[in-house]
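Me: I have a protein structure open and want to learn how to read it. Can you take me through it feature by feature?

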Amino acid sequence: MSSAQIEIQLIASLVAIACAIPGTFLVLRKMALITDAISHSILPGIVVGFFITQDLSSPLLILFAALTGVLTVVLVEFIQKTGLVKEDTAIGLVFPVLFSIGVILIAQNANDIHLDIDAVLLGELAFAPFDRLYVNEVDMGPKSLWIIGVILSSTIGLLIAFFKELKVSTFDAGLAAALGLSPVIMHYGLMTVASITTVGAFDAVGAILVIAFMIAPAATAYLLTNNLKKMLVLASTFGICAALIGYWLARGLDASISGSMTSVLGLQFLIVYLFAPNQGYFSVLYRQRQQRIEVSLLTFLLHLDNHADDEVERHVHHLNEHINWQKVRAKSVLDLAIKNNMISIDNDIVSLTKKGQHFTTEAIDYIVNNKNSEIEKMKDRFFLFRG
């Protein structure tokens with residue numbers, strides 16, 4: 001493996017971690033779309049910074065672009081607070097305007113300057129190793145690596161210093177204000193970090209991959225855990241895996257590196273979305289099926305208790321003839337009741353066992369006293385087998 005290959009993978013991995021940290025908080029704050037707005041609206045900041053410095057590699061470009069990103073957030077919130085439009089509409093209004101201003105500035109004043117639109121929008125990591133940083137004629141490695149490294153180190157430092165404040169202001173801004181913290185400062189501090197990260201990764205990987213690294217790993221991790229620290233670690237891990245797998249996939253297919261990494265991020269999310277233990281699609285379907293059967297079981301047990309002296313009402317075939325359940329559903333309910341020793345069957349006549357009577361009595365008590373939420377806890381005590 002050549003040094004260029006190692007550098008590309010290292011840059012992509014650092015970008016993934018740097019984006020995952022602010023991205024996690026953006027996902028939790030339901031502000032994922034703001035990343036897309038920032039990634040496009042920073043263009044006028046880059047252009048203005050270039051007009052002032054006349055140097056595309058000047059660090060001032062990052063500063064001006066970051067300020068434009070913060071300006072985007074301010075304008076979005078100003079429009080949103082009018083109450084006339086929602087946040088997604090405000091974002092859709094602000095970033096096209098700012099992006100268009102940047103395009104107009106380029107068209108009017110920088111036609112002779114090479115600004116590769118494909119690289120800006122799509123990114124090309126393959127070129128990152130060619131833009132080197134030299135100090136006293138000593139090759140220090142790719143500039144992108146140093147830029148992302150500095151941004152990542154700063155982001156981690158700020159995360160450690162303000163973790164509690166960020167956590168409280170993210171989940172309960174009212175509590176944060178009551179504790180003497182400033183949700184506004186935390187909010188704009190987070191937006192500033194997101195803007196600087198976006199700008200720092202802009203030149204190396206492009207806007208689309210920045211958005212993908214900022215949102216997809218955090219959204220994937222959110223399906224697996226509600227613990228903030230674990231979510232940050234998982235988001236960073238998903239990002240690094242997508243960066244490495246995406247690179248080798250692109251190499252094998254002779255395809256776009258950024259496109260391959262983004263595709264891997266999408267595939268990761270799809271797999272977790274389908275198979276996550278608690279919030280995955282199939283897990284939710286299973287729980288819904290389980291709950292339907294358990295509700296049917298509870299209904300059946302209440303029916304048996306209500307007709308304890310009527311053998312006709314307690315006949316096995318009553319499930320089909322009178323309650324109007326299909327045979328498959330009726331069999332599922334009976335099997336679950338038998339497995340949990342709730343009922344006994346004698347000559348096709350169903351009777352409640354002592355355990356079934358105890359369960360039914362408690363269930364009625366919970367329902368009468370409007371404690372339906374407690375029924376789930378009660379099921380955990382009585383049910384050895386779930387539907």
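Me: Which helix has the lowest mean pLDDT among the elements of the chain, and which the highest?
Reply: pLDDT is the predictor's confidence in each residue, from 0 to 100. Here helix α6 (residues 117-122) has the lowest mean, 47. Helix α11 (residues 228-253) has the highest, 94. Helices here are DSSP runs of H or I with at least four residues, strands are runs of E with at least two, and both are numbered from the N terminus. Over residues 116-122 the pLDDT is below 50. That stretch still has 13 contacts in the model beyond near neighbours in sequence. A contact means heavy atoms within 4.5 Å.

Me: What is the mean pLDDT of the chain?
Reply: The mean is 83, and 92% of the residues reach 70 or more. This is a predicted model, in which local features need pLDDT of at least 70 and side-chain atom pairs count only at pLDDT 80 or more, while totals for chains, interfaces and linings use all residues. Residues are numbered from 1 along each chain as its sequence is written, and side-chain values use heavy atoms, with hydrogens and water left out.

Me: Now charges. How many salt bridges does the structure hold?
Reply: Side chains of opposite charge can pair when their charged atoms come close. The cut-off for a salt bridge is a side-chain nitrogen of Lys or Arg within 4 Å of a carboxyl oxygen of Asp or Glu. This structure holds two. In one, Arg132 meets Glu7 at 2.8 Å, N to O. That pair links distant parts of the chain: Arg132 is in strand β1 (residues 132-135), Glu7 is in helix α1 (residues 3-28), and 125 residues separate them.

Me: Which residue forms a salt bridge with Arg132 at 3.2 Å?
Reply: Asp139 does, with that distance taken between the closest N and O atoms. Shared partners join Glu7, Arg132 and Asp139 into one network.

Me: Is Arg132 buried or exposed?
Reply: Buried means under 20% relative accessible area, exposed means over 50%, and partly exposed is in between (1.4 Å probe, protein chains only). Arg132 counts as buried because its relative accessibility is 19%. Glu7 is buried too. Asp139 has 39%, so it counts as partly exposed.

Me: Which side chain does Gln9 meet in a polar contact?
Reply: A polar contact is a pair of N or O atoms within 3.5 Å; within protein, one must be able to donate a hydrogen and the other to accept it, and residues adjacent in sequence count only if both atoms are side-chain atoms. The Gln9 side chain makes such a contact with the side chain of Trp248, at 3.0 Å. Gln9 sits in helix α1. Its relative accessibility is 9%, so Gln9 is buried.

Me: Why is helix α2 called largely enclosed?
Reply: Count its buried residues. Seven of the nine residues of α2 (residues 33-41) are buried, so the rest of the structure largely encloses this helix. Among them are Ile34, Ala37 and His40.

Me: What is the phi of Lys30?
Reply: Most residues other than glycine have a negative phi. Lys30 is not a glycine, yet its phi is positive, about 60°. Lys30 lies in the loop between α1 and α2. It is exposed, because its relative accessibility is 72%. Asn341 also has a positive phi, about 55°, without being a glycine. Asn341 lies in the loop between α15 (327-339) and β3 (343-346). At 44% relative accessible area, Asn341 is partly exposed.

Me: Last, the surface. Which elements give two or more residues to the nonpolar patch?
Reply: Patches are made of residues with over 30% relative accessible area and no salt bridge: like charges are joined within 9 Å, nonpolar side chains (Val, Leu, Ile, Met, Phe, Trp, Tyr) within 5 Å. Accessible areas come from the Shrake-Rupley method with a 1.4 Å probe; for residues, only the protein chains shown count as cover. The nonpolar patch here covers about 860 Å², and its residues include Leu267, Phe269, Tyr273 and Phe282. The elements are α12 (257-275) and α13 (281-306). Helix α12 gives the most, six residues. Tyr273 is in α12. At 36% relative accessibility, Tyr273 counts as partly exposed.
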